[in-house]
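I opened my notebook to look up a few things in a structure that was new to me.

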Amino acid sequence: MAAAPLPIGILVSGRGSNMEAIADAIAAGRVPARIQVVISDRPEARALELARQRGLKACCLVRREYPSRQAYDRALAAALKKEGVKLVVLAGFMRLLSQDFLDQFPGAVINIHPALLPAFPGLNAQRQAWEYGVKFSGCTVHFVDAGTDTGPIIAQAVVPVRDDDTPETLAARILVEEHRLYPEVVKWLAEGRVTLHGRRVSVKI
């Protein structure tokens, strides 16, 4: 008997392309998960409309409507828990989550970053890599901790940097790999194949 789909919540701030990739993989039967809710911190986020077009529950929690970061994170955690979320998936969510939030979902918050961590954390990672002159970049899926892109690494995909690349062309090729890798990692987690040992992550293939 197949296990019940893993209930996930997706946090977004922008265009939602990784949210779409995950939703497509679930709809195609490749990922045994169910999207319970999509939440944005920005009411203008295109991801909200894309989620609603797919029949997904989508809502917005705006930071300025809460008196403190702690109050916002408590409300965010409560909204996810109300929907029965067991895995929180950051898909272009542009806010750092507090330890108080992370403690509500221990070992169950993941993010994707458009570089090969620990190199080039933070914003504009693709441009950082291009300006540095690396020959390979890529993307990283990692567990989230209270730092900026510092959590344990689950999986990475490598993208060669071409001599004629610009930050934009490099970012576009990295995004293709993001859309492939992120649903795959969600699948591994839904199937219980990921184990965290300190900072080291093992995946049962």
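**Entry 1: the pocket lining**

I asked which helix gives the largest share of the lining of the largest pocket. I found that α6 does, with 6 residues. I kept in mind throughout that I was reading a predicted model.

Next I looked up which elements supply at least two residues each to this lining. My list reads α1 (17-27), β5 (109-113), α5 (125-132) and α6 (167-190).

I then noted the size of the pocket: its volume is about 920 Å³. I counted 37 residues in the lining, and G92, M94, I112, P114 and L123 are the ones nearest the centre of the pocket. Sorted by class, the lining holds 15 nonpolar, 14 polar and 8 charged residues.

**Entry 2: α1 against α6**

Two packed helices are described by the angle between their axes and the distance between the axes. I looked up both for α1 and α6, and found an angle of about 50° with the axes 9 Å apart. That angle makes α1 oblique to α6. Their crossing is right-handed.

Which residues meet here? On the α1 side I wrote down S17, N18, A21, I22 and A25. Facing them in α6 are L175, E178, H179, Y182, P183 and V186. By class, I found 7 nonpolar, 3 polar and 1 charged residues in this contact.

**Entry 3: α5 against α6**

I turned to the packing of α5 with α6, where the axes come within 9 Å and cross at roughly 125°. These two helices are therefore oblique to each other. I noted this crossing, too, as right-handed.

From α5, the contact uses Q126, R127 and W130. From α6, I listed P167, E168, L170, A171 and I174. The residues of this contact divide into 5 nonpolar, 1 polar and 2 charged.

Most residues other than glycine have a negative phi, and most peptide bonds are trans. With that in mind, I went through the backbone for exceptions.

Is the peptide bond from L117 to P118 cis or trans? I found it to be cis, with omega near 10°. P118 sits in the loop between β5 and α5.

I also stopped at F120, which is not a glycine and yet has a positive phi of about 55°. I looked up where F120 lies, and found it in the loop between β5 and α5.

**Entry 4: looking back**

Note on methods. Residues numbered from 1 in each chain as written. Predicted model: local features only at pLDDT ≥ 70, side-chain atom pairs only at ≥ 80, totals over all residues. Heavy atoms only, no water. 1 Å grid on protein atoms, 1.4 Å probe; cavity = no way out; pocket = protein on both sides within 12 Å on 5 of 7 lines; lining within 4 Å. Points joined across faces, edges and corners; volume = space filled by probe spheres on them. Helix = DSSP H or I, 4+ residues; strand = E, 2+ residues; numbered from the N terminus. Nonpolar A, V, L, I, M, F, W, Y, C, P; charged D, E, K, R; others polar. Axes fitted to C-alpha atoms, helices over the stretch in contact; angles between N-to-C directions. Parallel < 35°, antiparallel > 145°, perpendicular 65-115°, else oblique. Left-handed = near helix turned anticlockwise from the far one by under 90°. Contact = heavy atoms within 4.5 Å.
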